[in-house]
Amino acid sequence: MHEKNPMWDREFQDWWTQVGWPQGFTFSLDDMDFDEIEDLHRTPGEIIEAPLLPLRDVVMFPRMVAPLFIGRDRSIEAIEVANERGEPIIAMAQRDADVMEPGAEDLFTFGCEALMGRLLRIPDGTISVLGQGIRRVQIIEYLQLEPYIRVRALPVYETAEKTPLTEALMRAVLALFEKVVQLSRTLPEDAYVFAMNIDQPGWLADLMAQALSIEVAARQEVLETLDVAARLQRVSVLLAKELDVLELEDHIHSQVQQELDKTQREYFLREQMKVIQTELGESDIYTQEVNDLREKIVQTDMPEEARAQAEKELGRLVSMPPMSPETGIIRTYLDWLVELPWSEETEDNLDVKHVEGVLESCHYGLPKAKERILEYIAVRRLAADKMRSPILCFVGPPGTGKTSLGKSIAEALGRKFVRVSLGGVRDEAEIRGHRRTYIGSLPGRIIQTMRRAETINPLFMLDEVDKLGMDFRGDPAAALLEILDPEQNYAFSDHYLEVPYDLSKVLFITTANFLDPVPPALRDRMEEIEFPGYVDEEKLEIANRFLISRQLEENGLQETPVAFTEGALRELIREYTYEAGVRNLERRIAGICRKVARAVAEEKKPPRRVTAAMLNHYLGPPDFIRSLAEEQDGVGIAMGVAWTEGGGDLTPVEVALMPGKGNLTLTGHLGDIMQESAQAALSYTRSRGDDLGIEPDVFDKTDIHVHFPEGAIPKDGPSAGITIATALISAFTGRAVRHDVGMTGEITLRGRVLPVGGLKEKMLAAHRAGLRTIVIPKRNKKDLVEIPQRVRRNLDIILVEQMDDVLMTALQPLAPTPARRRRSKKS
């Protein structure tokens, strides 16, 4: 028993306001007062009868004092009755705090006998009362539920004797409680000091259970644990859990605080920097950037609409804090606006002779493309203000010089050259850009390339326009309609810029290998210039002018130059390459130069000339074998000429007849159009059977097999019609076809010969193969101007309109048989 301290009650009664403990936390009166109160009520086996006060979210423990706010009618009545009669009250926790009118089943069976004091009525009708727990009780019987709950209860006592186990548990619990108090932001440090002065194990367990922020069920479990050692063990588990949560919370708080401290430190340093820079007459980096942008906007000669947009965005940038995420987006947008060329342009060189000289020095052939550029320069010189920039489309096989000619045109005009490859582009945003609502958005390739060009009148090459794709993200070809239309491109709209941009002064040149994939609307906006491919003579000239000298320089052979004979170059062209352009030819020349360079590096004697006989040593056996004319006339075989990507080739047609039922077999990897041509040729032959001396019933008793050699190569087109008809008529009549005659032309059922395409390549193929005569449609006469003079001199060109004209030229007279000779002698 402690010595009675008269100030003890008052000090602890005022504890609530002095230490500011959180609502719901309770404190104890001194143990002297409690012992006296408990002694007054201690009667062995006594059953008490008292009003019951249901508590929501609160469990009252013995020796604890807690402020209670009473608002329910039955609870207020119970308090008033206990106050009038001087009775204690039994405080009992509810199982469910949401039940407003609890019954016996809604309350726990264990509670705490308590004394009420300091009753204070509040204007809203509720009562504030200070309750002090006395002892544990267990409900035996409910006497009444209205107008207040009244019960009979049996007090429950605990042994206060200390044992080594309880002493050890008390120390462990105090150690945990000390750590909890240190980490908790709700428990004052005086709570641990108060706990240290408690020498009774049960009281210590109750104090800590009341102090921890745990659920009502956990506190009720501690209240119902009568064994002191077990109660301390239960409290130690609760303290350990609370300590784990507090340690984790403290770790999280420390991390957050470190970030906050770092941010505050940066902010403080930035403010100090601003003050120092202000004192020195300088401005901070952010302000300098804003001022630089403002100066660039003033200096840039942009249209009024673009300037208004730039000033608006600059105003937003000034009003934003430097660390705002949107600051970087606006600064990037303003950088694009001020760095785009709005009025800067290069001066065109309009000297026609100069431009012609530059084009001729850089490219051989291509007369149509060069002529069109010279026309553009001439009109630009005479009426610069009235003409619009043309939209040219270079169409031709790979390696024919489309892209390099564009570079030469830019060099001749004195313009910047920029290029965008459209191959594989499937997203419309690649052309028009992304809207600024997306993270990482940028302008489209057109605006990006214009920024790189730094002028508003570059030569802009759109490469591989025929290889544009289309998917769910849009159609890039449709986006090009505005760009390649002179009526619209003066105000091109990019999704990122959101202001019109003038593309009317740009010279657009597109390239394509084929125009079939290009949409009609886009094709209509372009002026097509065909690159038909180079013939052998042109390739020979290009190699001598450009390719050999370039490869000698690239392979370090300037001091030991190597000459290529004409025979070597012709064999390279005809047997080591098979193309319309000159890329593979240059690769073959480069391969020879590398081997010569190796010989020089190894200090061996390099060759001074490369002849045709040396090609097998340097490059191995030939990769291709050109078709040659037949050596003698034959029945059922005619020689056609066809266009290929390699520049044209011979296409022999063979016909075999055999007994059968009139079936027609076509072989040789033929396309639908060529198969239809064979059907038309057969129908023509059958319709002219009487005129050709063919018995009518022969067709029904004969199977026909038409074969095109080199079956692995696909073949299609109508231009083999007269060739098939000639071979069929030769097979049925027995008249041989001249081996030195080639032919091309489409046939109709009435025997008319229609014009075909690719005449230049076909005639060059006939000339290379050694043919002497070529039969072509008369309506192709206009195309002969494209044929080199040398080829026209060496070929006998026969212009035909009817199939009869073809037969007169191609078929030999019927050879007389021995029987026929005897009959002629008798006559």
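This is a predicted model: local features need pLDDT of at least 70, side-chain atom pairs count only at pLDDT 80 or more; totals for chains, interfaces and linings use all residues.
**View 1. Overall extent of the protein chain.** The protein chain holds 30 helices and 25 strands, where helices (H or I, at least four residues) and strands (E, at least two) are DSSP runs numbered from the N terminus. Its radius of gyration is 53 Å, well over the 28 Å that the globule rule gives for 827 residues, so the chain is more spread out than a compact globule; the radius is taken over C-alpha atoms, and the rule is 2.2 Å times the number of residues to the power 0.38. Along the principal axes, the C-alpha atoms fill a box of roughly 170 × 85 × 65 Å.

**View 2. Ser 408 within helix α15.** Ser 408 lies in helix α15, which comprises residues 402-413. Ser 408 is buried, its relative accessible area being 6% (buried means under 20%, exposed over 50%, partly exposed in between, with a 1.4 Å probe and protein chains only).

**View 3. Contacts of Ser 408.** Leaving aside residues up to four places away in sequence, Ser 408 touches Val 358, Leu 359, Cys 362 and His 363, a contact meaning heavy atoms within 4.5 Å. The side chains of Ser 408 and His 363 also make a polar contact at 3.1 Å (a pair of N or O atoms within 3.5 Å; within protein, one must be able to donate a hydrogen and the other to accept it, and residues adjacent in sequence count only if both atoms are side-chain atoms).

**Notes.** Residues are numbered from 1 along each chain as its sequence is written, and side-chain values use heavy atoms, with hydrogens and water left out. Local features need pLDDT of at least 70 and side-chain atom pairs count only at pLDDT 80 or more, whereas totals for chains, interfaces and linings use all residues.
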